[in-house]
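Colleague: I have a model open and would like to learn how to read it. Can we go feature by feature?

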Amino acid sequence: MNILVLSDLHIDTCDNFGTFQWNEMDLIMQIEGIRDLYSIDKVIFNGDVFEMIKYTYEDIKRANPILMRYFSDNDFVFIRGNHDILNESAVNHYDIINSHGQSIHIEHGHNADWLNGNRLGRAIGKFGLTLLKKLSHSKWVRDIYFKIVALEDEINHIPKKYNTIKYLTYALKVLKEHDVVILGHTHKLEAHHTYYLNKKKRYLNSGACSLGRFQCIIMDTETLKYELIKESREAIKDMYLKRIAI
Ligand SMILES: [Mn+2]
């Protein structure tokens, strides 16, 4: 089975605060192009697909009708990230076991963070979210909250605060029970191999598809061969032009 794993789109309402910066049709064409080119059997969205911290799901849906329709018309897997933890139609992780008994584990990766990764942190986070959900019925609380989040994002640019070694350590923990682990969350597309517990293990990160860029992982789940794909906006445009010319 060939899988396509992509993450961290942070789909927003396409206003000035957001980091999605994709035209809906361009993104769909990009995904469809890859599906076709690599004979993809399963598309897996590895978390932070929707920017539900800064925006409400309803507003995101309203701003991206073509994309939402595309998602619901296809049998895609959606994994929960820390920015779309409230997405009820998503799962916490997705595991595949191939015919050789090798196990591939896919999750967003925010469990490596203190706030998300231990019981106390999760309890605090959950309490905060519950409180926010209750208070968010009031428009002014919601407005102030979204402003604070937007300001916070501007001060600490998302990818900078991630310490790669922390996720590597977390990946090693997960690899005790799996042969391959695919995380997202860090916005850094990367791949590492190691011999661990007498087996070859792989940690991959699906990078990000925000800011109009396209990064993803393609993997043949039988051979565990993979490819990291990183395309700039310009390369994507060139590809369209070529496709149209044909
Ligand atoms: Mn994340």
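Colleague: Is Ser39 buried, partly exposed or exposed, and why?

Modeller: First, the ground rules. This is a predicted model, with residues numbered from 1 along each chain as its sequence is written; local features need pLDDT of at least 70, side-chain atom pairs count only at pLDDT 80 or more, and totals for chains, interfaces and linings use all residues. Side-chain values use heavy atoms, with hydrogens and water left out. Now the scale: buried means under 20% relative accessible area, exposed over 50%, and partly exposed in between (1.4 Å probe, protein chains only). Ser39 has 47% relative accessibility, so Ser39 counts as partly exposed. Ser39 sits in the loop between H1 and E2. Helices (H or I, at least four residues) and strands (E, at least two) are DSSP runs, numbered from the N terminus. Ser39 is not a glycine, yet its phi is positive, about 45°.

Colleague: Which loop holds Asn198?

Modeller: The one between strand E7 (189-196) and strand E8 (199-206). Asn198 counts as exposed because its relative accessibility is 81%. Its phi is also positive, near 65°.

Colleague: Is His10 buried or exposed, and why?

Modeller: His10 is buried, because its relative accessibility is 1%. His10 lies in the loop between E1 and H1.

Colleague: Which residues touch the most other members of the largest nonpolar core?

Modeller: A nonpolar core is a set of buried Ala, Val, Leu, Ile, Met, Phe, Trp, Tyr and Cys residues joined through side-chain atoms within 4.5 Å. Here the largest has 30 residues, and Leu4, Leu6, Ile11, Phe45, Phe71 and Phe214 touch the most other members. Elements giving two or more residues include strand E1 (2-6), helix H1 (24-37) and helix H3 (65-73). A second, separate core of 15 residues includes Val77, Ile96, Val180 and Leu189.

Colleague: How do H1 and H3 lie relative to each other, and why is that the label?

Modeller: Two packed helices are described by the angle between their axes and the distance between the axes. Axes are lines fitted to C-alpha atoms, for helices over the stretch in contact, and angles run from 0 to 180 degrees between N-to-C directions. The H1 and H3 axes come within 8 Å and cross at roughly 30°. Angles under 35 degrees count as roughly parallel, over 145 as roughly antiparallel, 65 to 115 as roughly perpendicular and the rest as oblique. H1 and H3 are therefore roughly parallel.
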